[in-house]
Amino acid sequence: MSTTAAKPAGAGSEPGAAGQTTAGKRQLSSGRRTGKAGKVRRLTRRDKLVLGIMVGVPTLIQLLLVWLPTVFSIALSFTRWNGLDLSDLKGAGTDNYRFVVQDYPPFWPAVQHNVLWLVFLALIATPLGLLLAVLLDQNIRGTKIYQSIFFTPVMLSLALIGIIWQLFYNRDSGLLNYLLGTAGTPAAVDWFGNSNINIWAAMVAATWRHAGYVMILYLAGLKGVDPSLREAASIDGANAVQTFFRVVFPAMRPVNIVIVVITIIESLRAFDIVYVINRGTNGLELLSALVIQNLVGEGQVIGVGSALAVILLVISLIPIVFYLIRTFGKESKA
Amino acid sequence: MAANLDPFQSAHSAGPGRRTILKTLGLGAAGLAGIPLLAGCTGGSGTAPGASSNSLTFGSGSSDDVPKAAYKAVTDAFTKKTGITVATNVVPHNDFQNKINSYLQGSPDDAFTWFAGYRMQYYAGKGLLAPVDDVWDKIGSNFSDAMKKASTGPDGKMYLVPNYNYPWGFFYRKSFWAEKGYAVPKTFDELKTLATKMKSDGIVPIGFADKDGWPAMGTFDYINMRLNGYQFHVDLTAHKESWDQKKVSDVFDTWKALLPFQDPNALGQTWQDAAKALEAKKTGMYLLGSFVTQQFTDPAVLADIDFFPFPEIAVEGTDAVEAPIDGLLLSKKGGDNKAAHDFLAFMGTAEGQNAYASVDSSNIATVKGADTSKFSPLNKKCADTIANAKHISQFLDRDALPAMANNVMIPALQSFIKDGTVDVKNLEAQAKTLYAAQ
């Protein structure tokens, strides 16, 4: 927690954070406009007011919609509460965390599945998206059509994707078992019901979408690479593979960082597909699904659900902090 | 804030566009900030206070077309009879159930739809409901003892007026059984013998679906009640009994003998899939609530469906029937409104329940003397089974703390179906934490 909060503040001397940049620009323009008798007043009262609003309003929104709920969640994770009367709120120390880690059977499978999800996206989905981007960047005929096709899943909600893939995976009438020739027979693979298989089935469906997302980002990245770099590489005698991995790929560093962060975040917030399939039970446990199970609806256990949410928050902070350090660290050096 | 900006805007023409945007942003922010505050005061209907006696508000979670129209028929009949107007607020049923906490604490309607069981008891215990003993004085003779017991709160006062329920049992196709020469099993051993025979005939003996997690609770409940009795079921689900005891492991051990006969693909299919399999004669029988008949759209198939109660195992024969009851409750606020009491009393008469059943015939009216002339033989059998029951259980997810049923039992039962093992010690550990949080 403190790391994230401290980092932007620490980088304050640099024009790093968005707010700081705006402030810098305001200073310049106001200085020019209100200068009197050679004495440069840095900020008029009006500027201060405007500045105050510009900084204050977003801060207020941030505070109200992000920080307060976060702080409340953390506080609630150390309590037992039935959500009815405030007088029913009782301190529980770290009991909820102990419960989650020791007594709650779906927790560790969920952690494993989230890690598996991350590895799968990182090793299969993301490289697949990169491959698509490189192929479609070659000015082949109909590239726009292919781009649209591969990008379409990104525009669909994961919930809808879950439903579409049900049609492929259905045990008795699904396309996949039909192609395997096992549809309707006892040998039919139960893609969503078999707890050894269903996580893979879900990840393939998620890949279908994630690859399109990565593809679009890399396509934009590839367009942004200075063509003279490629020319120089080919003059130096580099072949296509060498050009790509030694020159083009490193030149897309900003995109690469974004992709890494997106991949990590996608794997942490993966939720919709498993929820559509079976609400994240029976082999499809994910942390996000457990948070929902424990916080929303009739199965609400506020303390336990909050503890799960805080655990997910802490895990999510790792890639976010990593990203911020890379971003701001780079800028302060530049 | 936004107003303060205006003078500046006229004094300096520097950037009215930007100012306007700022102003809009400020207003937007104020609006956004308002959302959580507004959401804080839930319910929000804020209609007529309890004192007036010729109108009431009625919150209904029955949002599907047929039940919605059915409740409309009830309120219309009530208005016609008494002149009391009913303002109905229909809320999608998942939302209604999920938000019941804030609903009851905010400004709830006078009367609302709910279930019997732990969740009714729980809110009654928390003082969020109004007792309706005066209503039961009038309608008490219309109901069986089992219904009365299911409508009683933890303090011995009456809270619920039942509307309808539906029994759980084994459903099967008469023609198929006649053709194969199967007979209805009376005991658990007969059930196993029958299942063995079906298996050798190449069909899946017992249809089963648990992708959604809850249907397996029916099997657990029945084996538990047949093995340990109705009272144990109630005490266990209310966590007055420990889950970590031999009686509970016995339930799972007994079930284990049945597992090889239940559809091995249970975890990948929904109850609708399993109903189709029964219709297609791929499975011999299927343990589910009578709502399973909704899936049999072909009248010929529907007429061919029969059911039998879960066979006896050790105690109480087949006295206990799992038949979740839906009915009406009064909120604390509604308790002050005489009209709301009258409305509940109307629901507890044959007249009121007939009005409901005239539209929604898929359930069984709970009142004695309800119109059964339109009943199919199957409906009649369902009604008789419930009427003859000594104990009516409400299904695990209504009798137990919802968190226990949904967060603990669903994963536990699914893993039991998978590998036939269950850790009762862990069930108890989880139960302890969850019930303590209430």
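Student: Which residues does Phe120(A) touch, not counting residues up to four places away in sequence?

Tutor: Ala125(A) and Met203(A). Two residues are in contact if their C-beta atoms, placed from the backbone, lie within 7 Å. This is a predicted model, in which local features need pLDDT of at least 70, side-chain atom pairs count only at pLDDT 80 or more, and totals for chains, interfaces and linings use all residues. Residues are numbered from 1 along each chain as its sequence is written, while chains are lettered from A and ligands numbered from 1 in the order in which they are written.

Student: Why is Phe120(A) called buried?

Tutor: A buried residue has 20 or more other C-beta atoms within 10 Å of its own; 12 or fewer makes it exposed, and between these it is partly exposed. Phe120(A) has 20 within 10 Å, so it counts as buried.

Student: Where does Phe120(A) sit?

Tutor: In helix α5 (residues 107–136) of chain A. Helices are DSSP runs of H or I with at least four residues, strands are E runs of at least two, and both are numbered from the N terminus. On that count, chain A has 15 helices and 2 strands. Chain B has 21 helices and 12 strands.

Student: How many of the residues in each chain count as buried?

Tutor: In chain A, 31% of 334 residues. In chain B, 46% of 438.

Student: What makes one face of helix α12 of chain B the buried one?

Tutor: Its buried residues are Tyr230(B), His233(B), Val234(B), Leu236(B) and Thr237(B). Seen down the axis of α12(B), they fall within an arc of 165°, so they line one face of the helix. The arc is taken from the directions from the helix axis to the C-beta atoms. These residues pack against several elements of chain B, among them α6 (118–125) and α11 (216–228). Just after α12(B), His239(B) takes a positive phi of about 60°.

Student: Why do β6 and β8 of chain B count as edge strands?

Tutor: The open sheet has 4 strands in the order β6-β7-β5-β8 (chain B), with mixed pairing. β6 (204–207) and β8 (305–308) each have a single partner strand, so one side of each has no neighbour in the sheet. Neighbouring strands are turned by 25° against each other on average, direction ignored.

Student: What makes a set of residues a nonpolar core?

Tutor: The members are buried Ala, Val, Leu, Ile, Met, Phe, Trp, Tyr and Cys residues, joined through C-beta atoms within 7 Å. The largest has 180 residues. Ala202(A), Phe171(B), Tyr286(B), Phe343(B) and Leu344(B) touch the most other members. Helix α9 (residues 198–224) of chain A gives the largest share, 14 residues. Beyond its neighbours within four places in sequence, Phe171(B) is in contact with residues including Leu278(B), Tyr286(B) and Phe307(B).

Student: How many residues does each chain bring to the contact between A and B?

Tutor: Chain A brings 34 and chain B 36. On the side of chain A, α3(A) gives the most, with 6 residues.

Note on methods
Two strands pair if DSSP finds at least two bridges between them. Axes are lines fitted to C-alpha atoms, for helices over the stretch in contact, and angles run from 0 to 180 degrees between N-to-C directions.
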